[in-house]
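Morning, everyone. Please put the model up on the screen.

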Amino acid sequence: MGLATPALADDVSGVYDVKFEEMSTNCSPPPVSYTRGTVKIEAKKSLTVNIETIPIMSGMPAKSGKINAKTTKKLASTVQGLDGKWGVSGRVDENGVLQLVLVAEYTRQDNGKPHCTQSWNVSGVRQAASTKAPADDKKAKAKASIDSFLPSLVD
């Protein structure tokens, strides 16, 4: 049993229901506002963090549930006239609780100069793993329906 706990802490993969709390900004007005959303993390040979409306961030899987991922170059943002670079850092604990800091650095598309920076605390919990039971139930119901129909054909 003692060996299972570290493995669970290292497995950060999953979909998390999260809330965003803006920590700081030097943008006026702030270009992006987040409240609630989902974060999808996949950790195999590489680590990817997917937050809706943000390009996929990547990094290397780490031990003890630690997460570090970023975009590797400036990419178009959802804000007209601004490109951005994004990064997240944080961890997932053994109970599936996610704590991240998300930082967005925006630059102007017209001249490439830095425009502003925003950061958020991102926290939430891993969604429960889906089960195969509903699909099994459909197959069982279909088989029962066929089985009940077959005797009437034979009679």
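This is a predicted model: local features need pLDDT of at least 70, side-chain atom pairs count only at pLDDT 80 or more; totals for chains, interfaces and linings use all residues.

Residues are numbered from 1 along each chain as its sequence is written, and side-chain values use heavy atoms, with hydrogens and water left out.

A disulfide is a covalent bond between the sulfur atoms of two cysteines. The cut-off here is a pair of cysteine sulfur atoms within 2.5 Å. The structure has 1 disulfide. Which cysteines does the disulfide join? Cys27 and Cys116, with 2.0 Å from S to S. Cys27 sits in the loop between strand E1 (14-25) and strand E2 (36-43), and Cys116 in strand E9 (residues 114-126), so the pair ties together parts 89 residues apart in sequence. Strands are DSSP runs of E, at least two residues, numbered from the N terminus. The S-S torsion is about 95 degrees, so this disulfide is right-handed.

Buried or exposed? Buried is under 20% relative accessible area, exposed is over 50%, and partly exposed is in between (1.4 Å probe, protein chains only). Cys27 is buried at 7%. Cys116 is buried at 5%.

Now salt bridges: a side-chain nitrogen of Lys or Arg within 4 Å of a carboxyl oxygen of Asp or Glu. How many are there by this rule? The count is 3. Lys19 pairs with Glu21 at 3.5 Å, N to O. Lys40 pairs with Glu42 at 3.3 Å. Arg108 pairs with Asp110 at 3.0 Å. Asp110 is exposed at 58%, while Arg108 is partly exposed at 34%.

Methods:
Helices (H or I, at least four residues) and strands (E, at least two) are DSSP runs, numbered from the N terminus.
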